[in-house]
Amino acid sequence: MTWHRVCDKAELKEQAGNEFAVAGRVIAVFVQGSNLWAVDGMCAHQGGPIAQGQVDGSCVTCPWHGWQYDIETGCNLLTGKQMLDTFTVEMRGAEVWVELPDAS
Ligand code: FES
């Protein structure tokens with residue numbers, strides 16, 4: 001696992017997803033106040049852009065076909081199964097950093 005700088009916190013939109021390409025993968029970052037979450041940015045269904053989905057509380061809805069996920073757990077709300085990878089994300093001063101698995 002390796003930590004990567006994602007962005008400055010000031011770049012993040014609340015009540016929406018924020019999409020970044022980091023270390024060769026797409027991640028979706030969500031912020032609500034001082035809370036941050038990061039999940040795989042590609043939908044488990046057909047790769048839709050999770051960060052472009054509508055956010056309602058802890059739920060994000062994929063814009064392509066409506067699959068819904070919990071942004072805290074990566075679980076699909078219909079099946080209850082984790083279908084999006086989740087990543088540890090934290091603030092370091094004004095910067096957002098995420099820990100991602102190393103490429104195999
Ligand atoms: S690609 Fe996300 S619901 Fe189909």
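**Notes on the strands, core and loops of this predicted model**

1. Contact here requires the C-beta atoms of two residues, placed from the backbone, to lie within 7 Å. A word on the source: this is a predicted model, in which local features need pLDDT of at least 70 and side-chain atom pairs count only at pLDDT 80 or more, while totals for chains, interfaces and linings use all residues. Residues are numbered from 1 along each chain as its sequence is written.

2. Ala 38 also belongs to the largest nonpolar core, which has 25 residues; Val 29, Ala 38, Val 39, Ile 50 and Val 89 touch the most other members. Such a core is a set of buried Ala, Val, Leu, Ile, Met, Phe, Trp, Tyr and Cys residues joined through C-beta atoms within 7 Å. Buried is taken as 20 or more other C-beta atoms within 10 Å of a residue's own, exposed as 12 or fewer, and partly exposed as anything in between, with C-beta atoms placed from the backbone. At least two residues of this core come from each of S3, S4, strand S8 (86–92) and strand S9 (95–100). The most is given by S3, with five residues.

3. Now to the pairing around S3. Strands are DSSP runs (E, at least two residues) numbered from the N terminus, and two of them pair if DSSP finds at least two bridges between them. Strand S2 (residues 18–22) pairs with strand S3 (residues 25–32) in the antiparallel sense over five bridges; Ala 21 has Val 26 in S3 as its bridge partner. On to S4 (residues 35–40): S3 pairs with this strand over six bridges, again in the antiparallel sense, and Val 31 stands opposite Leu 36 in S4.

4. Both hairpins deserve a look at their turns. Two residues lie between S2 and S3, and Ala 23 takes a positive phi near 50° in that hairpin.

5. Which other residue has a positive phi although it is not a glycine? Gln 15 does, at about 60°. Gln 15 sits in the loop between strand S1 (2–8) and S2, and is exposed, with 11 other C-beta atoms within 10 Å.

6. There is also an open sheet of three strands, in the order S5-S6-S7 with antiparallel pairing. Strand S5 (54–56) and strand S7 (68–70) are at the edges with a single partner strand each, so one side of each has no neighbour in the sheet. Strand S6 (residues 59–61) and S7 are joined by three bridges, with Val 60 partnered by Tyr 69 in S7.

7. Finally, Leu 77 is in the loop between S7 and S8. Leu 77 counts as partly exposed, with 15 C-beta neighbours inside 10 Å. Leaving aside neighbours within four places in sequence, Leu 77 is in contact with Cys 59, Gln 68, Tyr 69 and Asp 70. The C-alpha atoms of Leu 77 and Trp 37 are separated by 17 Å, and the two residues are 40 residues apart along the chain.

Terms used
Helix = DSSP H or I, 4+ residues; strand = E, 2+ residues; numbered from the N terminus.
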